Amino acid sequence: MSHPLTRVLTLLELLQSHARLTGTELADRLDTDVRTVRRYTSHLRDLGIPVEAERGRYGGYRLAPGYRMPPLVLTNDEALAVVLGLLAADRLGMGTAAPATAGALAKIERVLPQALREPLAAMRQTLSFTADAVIGQAPGTGVLLALAQASRARTTVAISHRSWRREHTERDIDPYGVVFHTGRWYVVGHDHLRDDLRTFRIDRIASATPRAHGFAAPDGFDPVAHLTSTLAQGPYCWRVEVTIHGPLDEIARRLSCSAVTLTAQPTGVLLHTRAERLDGMAHLLASLEWPFTIHQPDELRQALAELADRLAAAARRRPEEPPQQ
């Protein structure tokens, strides 16, 4: 790293990657001395990049808060992390209303050097996922950010909401948390209109405007647990209760995309959920590697027995035998 220009650009990269670094830390990383670091920061200021310096024995350097860097400098590892994050967000359905993911990827690839652009393009074209892509319900970026900020600041927001029946209402809510679940964004909080704890899909919220007053969330409230419990109690035909005789953490990973409630028990994990079709629930239970005990409904036992008969018949069938309809 003998060329001064190389050191100046490396200094810019370090300042972008860290909130604050002392002169000694920068000198060590640039393989130079503190006096030269001061000269390099002066070069950056001459280029219009606002480097702030803190004086004193333990003083340091940082970029001015809120400054939008024209030359975004990323290391190879950082560029890979950004590209993988964007690809995963697109696959999981975490995008917003605008085509932000495709635009961000295009901008990043356009400014990357050729030596890095080609490997990342290969990664983008060849990367495969074990799960199918989710067709997400994309919310507006402004609404999503406004709800997240209000949740962190504990500020009431006024929302314009459209129900699944396309009924429009104006209401105030105290947002306890924002949750992403199986391709959709939700906000969980206290609804002033109904005076009750409610869950709203964010893609059905047209606007979110902060109010002047704040709120206090219930102690220990878990938005994720509340959301999954609410979805598990949805308007389905069958109420299902099964004990799965296995470890809670592994079962939770296997069933993370299902609207289920899992409770640790001495004999295993108690699963509560609702189902529209019991044959689908039978397939789900049969796919698990742990034994299970059905508590309700009894009709689920019949669905499992019918599935077992079909599997047994398939196991006995020879290649020359046609399947029975």
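Predicted model: local features only at pLDDT ≥ 70, side-chain atom pairs only at ≥ 80, totals over all residues.
Residues are numbered from 1 along each chain as its sequence is written, and side-chain values use heavy atoms, with hydrogens and water left out. Local features are given at a pLDDT of at least 70 and side-chain atom pairs only at pLDDT 80 or more, whereas totals for chains, interfaces and linings use all residues.

The largest nonpolar core comprises 20 residues. Such a core is a set of buried Ala, Val, Leu, Ile, Met, Phe, Trp, Tyr and Cys residues joined through side-chain atoms within 4.5 Å; buried denotes under 20% relative accessible area, exposed over 50%, and partly exposed the range in between (1.4 Å probe, protein chains only). Within this core, Val240, Val242, Ile244, Leu255, Leu285 and Leu300 have the most contacts. At least two core residues are supplied by each of β9 (238–244), β11 (268–275), α10 (278–286) and α11 (299–316), where helices (H or I, at least four residues) and strands (E, at least two) are DSSP runs numbered from the N terminus. When neighbours within four places in sequence are left aside, Leu300 is in contact (heavy atoms within 4.5 Å) with Val240, Val242, Leu278, Met281, Ala282, Leu285 and Ile294. A second, separate core has 16 residues, including Leu12, Leu30, Leu44 and Leu63.

Leu44 also belongs to the buried residues of helix α3, together with Thr36, Val37, Tyr40 and Thr41. Seen down the axis of α3, the buried residues fall within an arc of 145 degrees and so line one face of the helix; the arc is that of the directions from the helix axis to the C-beta atoms. The exposed residues Arg35 and Asp46 are carried on the face turned away from this buried side. Elements covering the buried residues include α1 (4–17), α2 (23–30), β2 (51–53) and β3 (60–63). Helix α3 itself (residues 34–46) has 13 residues and reaches 19 Å from its first C-alpha to its last, close to the expected 18 Å, that is, 1.5 Å times one less than its number of residues.

Strands β4 (residues 155–162) and β5 (residues 168–181) pair in the antiparallel sense over six bridges, pairing being assigned if DSSP finds at least two bridges between two strands. Ile159 has Arg171 of β5 as its bridge partner. The two strands form a hairpin with five residues between them, and Arg166 in the turn has a positive phi of about 65 degrees.

Nine salt bridges are counted, each defined by a side-chain nitrogen of Lys or Arg within 4 Å of a carboxyl oxygen of Asp or Glu. One of them, between Asp172 and Arg211 (3.2 Å, N to O), links distant parts of the chain, with Asp172 in strand β5 and Arg211 in strand β8 (residues 205–214), 39 residues apart. Asp172 is buried at 18% relative accessible area, whereas Arg211 is partly exposed at 40%. Asp191 forms a salt bridge with Arg198, the closest N and O atoms being 3.6 Å apart; Asp191 is buried at 0% and Arg198 partly exposed at 29%. Arg171, Asp191 and Arg198 are linked in a network of salt bridges.
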